Amino acid sequence: PYFVRGSLRNDGEVSMIIKTIEPLSETRARTADTLRIKITADDMPDDFYGHLQSELKKYPGNLTVLLDLRTHDEEALLRVRSVKVSMEPALAGRINEMSGGRAWVVQ
């Protein structure tokens, strides 16, 4: 998907004059102020959260990190105060890899 910026023209037929085209993922990364990480917390190893914090510190930036924790019967949304990050595809990949596919980045 793409984010298209431009203006409409109606000369009897509607057309669009395109000024910019940008991948939607880049638009979201540029305009976001938070990075949300969804975590299926059931049976997540205790050391995952320490490893996650260490990994987040490798990508310093301006985004506030939110942990969206879910179990089979509970939900919690936690804000991480100790670190702010930049959204890098490598970070999203590492989070998913470290969690065995039970945590992923959502913006």
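Modeller: Two strands count as paired if DSSP finds at least two bridges between them. Keep that in mind as we look at this predicted model.

Colleague: Thanks! Which residue in β6 is the bridge partner of Ile 39?

Modeller: Ala 103 is the partner of Ile 39. Strand β3, residues 34-40, is joined to β6 by four bridges, and the two run antiparallel.

Colleague: How do I read a whole sheet, and what is the order of the strands here?

Modeller: Strands of a sheet pair through backbone hydrogen bonds, either parallel or antiparallel. Here, four strands form an open sheet in the order β5-β4-β3-β6, and the pairing is mixed. At the edges are β5 (75-85) and β6 (103-106), each of which pairs on one side only. From one strand to the next, the twist averages 25°.

Colleague: And where do helices α2 and α3 lie?

Modeller: Helix α2, residues 47-56, lies across β3, β4 (60-70), β5 and β6, at about 155° to β3. Helix α3, residues 89-98, also packs on the sheet, where it touches β3, β5 and β6. The direction of α3 makes about 150° with that of β6.

Colleague: What should I look for in the nonpolar core?

Modeller: In soluble globular proteins, nonpolar side chains tend to be buried together. The largest nonpolar core here has 19 residues, and those touching the most other members are Ile 37, Ile 39, Leu 52, Leu 56, Leu 67 and Val 85. Two or more residues come from each of β3, α2, β4, β5 and α3, with β4 giving the largest share, four residues.

Colleague: Which residues is Leu 56 in contact with, leaving aside its neighbours within four places in sequence?

Modeller: Leu 56 contacts Ile 37, Val 65, Val 83, Val 85, Leu 91 and Ile 95.

Technical notes
Residues numbered from 1 in each chain as written. Predicted model: local features only at pLDDT ≥ 70, side-chain atom pairs only at ≥ 80, totals over all residues. Heavy atoms only, no water. Axes fitted to C-alpha atoms, helices over the stretch in contact; angles between N-to-C directions. Contact = heavy atoms within 4.5 Å. Core = buried A, V, L, I, M, F, W, Y, C linked by side-chain atoms within 4.5 Å. Buried < 20%, exposed > 50% of the residue type's maximum accessible area, 1.4 Å probe, protein only.
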